[in-house]
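Here is a set of questions and answers on one protein model. Each answer sets a value against the definition behind it.

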Amino acid sequence: MSIDFGTDHGGGRKRHNQLKRVFLGVLMGIALAGCTYSSSEYQRFETNALRDTGDTRLGQGVAPLVSDELGNSGFVPLANGLDAFVARLALVEVADKSIDVQYYLFHDDSTGRLLTAYLLRAANRGVRVRVLLDDMDMGGRDAGLSAIVQHPNVQVRLFNPFPIRGMRFLNFITHFGTVTRRMHNKSFTVDNQVTIVGGRNIGDEYFDAAQGVNFGDMDLLSIGPVVRQVSDAFDEYWNSDLTLPASSFDLPSDPEFITRSKALLNKELASLSESAYGRRLEESKLVEKLEAGSLDVFWAPADLFYDRPDKVRSEPGDRTSHLGPELSDLFASVENDLFLVSPYFVPGKQGTALLKSLVERGCRVTVLTNSLAATDVPAVHGGYARYRTELLESGVEIYEMPPTKNTASHPNRLGTSQASLHAKTMVFDQKRVMVGSMNLDPRSNLLNTEMGILVESSEMAGAVSDWREHALPEIAWRVELERVEDPAPFSSQQRLRWISLEDGQLIRLEQHEPEAGFWDRVQAAISRLLPIERQL
């Protein structure tokens, strides 16, 4: 059984002046072909995760804990954004031999620069730092890469790099089918002893540091055998011929820019002590608790699920490099209960049929996703809305996260106030939990690479399920179908209603797509009409 998260259905016509611009862009792309590159032009060399790390501080702290668990791995959920960032900084500070960083997005903002400064500080004391980034977020940042890769202990590689480094928009004309398929994986591994895997990229909005809306997210800090699995997956991507070292590009080498970059990073470090992160870092006892064995850890068998790098260049229908078949088996094995948390949820026809079939055989199916007012991608919401009524009619429970709900009373779960949902979590039969980078949408299923850890823990699954029962109704809108008593001719006999629980009272919101702005509604409506589901 497989889950189909959408298909393409053709194209549309452009106005004459738009066609002219595209034609000129293609000509420019051909003219600039000399600015592209072939990965075969560069000598490749492999490096791998360090295995002899038992004598590191983290290794000595983890060993007694793991030795008592007979092959189980240990997990600490990181739901609070501030704590999730501090955990990364604290681990970097105690790194002795290696740090491996893999992300889809690594923003050039306060948290991005601060983490970079910490990584360079670790490199200064002899730690090997490998940074593997998708190239999607690196536009205009080749000069910054030039400053970083000069350090002898820092290696940076880009996955599926854009062939045209200058006018990057030309890549979407000349290489559309290539540059739109990205590495969405997220992992942070220190001394091959501790790893953090989950939904967060590196950027202010992922760590409760943005001035506007922040993302409510979930990571797992993990120790034990699953860490080696994450390291092996990292090595597979790192050594893939789809990656190129940043030093392979014609990077600028402006000494003044490099000096300014170092000064900026030092400024970030100097301001840390006065920031909320600095105070929380000083208060953090994460490493001390880890070494003392006093962390509140879930112990359970676990496995890493991940797409192979070749997924981004294989035909979407070729499943040999996908984690999708393994995930489909998990869905098919559900007997009683399925809880899905996905900020971008577009189930497609087959996915909708699968969820309906689970309900038909007596399973409870609950979905939490973003409302139109909360999502940062209205087009994806349009793709989801196409299936919403059918899912509700079948008995699937749907909750949508509003844009500004205060979840401060539940700080240890999926986010804080002013948050847009970004966590990707699946709970199967209240026995198994998967946390990772994968959304339940066509892009994650067919085009991008993803990863996630499946934890065989009734205790952890039960904690998330308890959160569904007690906290979810207070922080999210429940979407229901309401019968229309006297519908107008040719109109629907039922309509959607959003139910809010406020001070113990159920409030029925009369507005369709409540709190959503005009342009969000327009984008979602257009998305429902266009044949772009595979790209969502």
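This is a predicted model: local features need pLDDT of at least 70, side-chain atom pairs count only at pLDDT 80 or more; totals for chains, interfaces and linings use all residues.

Q: What makes a stretch a helix or a strand, and how many does the protein have?
A: Helices (H or I, at least four residues) and strands (E, at least two) are DSSP runs, numbered from the N terminus. By that rule the protein has 18 helices and 21 strands.

Q: What makes residues of the protein count as buried, and what percentage are they?
A: Buried means under 20% relative accessible area, exposed over 50%, and partly exposed in between (1.4 Å probe, protein chains only). Of the 536 residues, 56% are buried.

Q: Why is helix 4 described as roughly perpendicular to helix 9?
A: Helix 4 (residues 110–124) and helix 9 (residues 255–272) pack at an angle of about 100°, with their axes 9 Å apart. Axes are lines fitted to C-alpha atoms, for helices over the stretch in contact, and angles run from 0 to 180 degrees between N-to-C directions. Angles under 35 degrees count as roughly parallel, over 145 as roughly antiparallel, 65 to 115 as roughly perpendicular and the rest as oblique. Helix 4 is therefore roughly perpendicular to helix 9.

Q: What kinds of residues make the contact of helix 4 with helix 9?
A: They divide into 8 nonpolar, 2 polar and 3 charged. Ala, Val, Leu, Ile, Met, Phe, Trp, Tyr, Cys and Pro count as nonpolar, Asp, Glu, Lys and Arg as charged, and the others, Gly among them, as polar.

Q: What makes strand 9 and strand 10 edge strands?
A: Two strands pair if DSSP finds at least two bridges between them. An open sheet of 9 strands has the order 9-4-3-2-5-6-8-1-10, with mixed pairing. Strand 9 (243–245) and strand 10 (298–300) each pair on one side only.

Q: How do you know that strand 4 and strand 9 pair?
A: Strand 4 (residues 154–159) and strand 9 share 3 bridges in the antiparallel sense, and the definition asks for at least two. Leucine 158 has leucine 244 in strand 9 as its bridge partner.

Q: Which strands stand at the edges of the open sheet of 10 strands?
A: The order is 11-18-17-16-12-13-14-19-20-21, with mixed pairing. Its edge strands are strand 11 (302–306) and strand 21 (505–509). The twist averages 25° from one strand to the next.

Q: What makes a set of residues a nonpolar core, and which residues touch the most other members of the largest?
A: A nonpolar core is a set of buried Ala, Val, Leu, Ile, Met, Phe, Trp, Tyr and Cys residues joined through side-chain atoms within 4.5 Å. The largest has 61 residues, and Ile99, Leu115, Phe188 and Leu221 touch the most other members. Helix 3 (residues 81–94) supplies its largest share, 10 residues. A second, separate core of 42 residues includes Leu220, Ala233, Phe298 and Val427.

Technical notes:
Residues are numbered from 1 along each chain as its sequence is written. Side-chain values use heavy atoms; hydrogens and water are left out.
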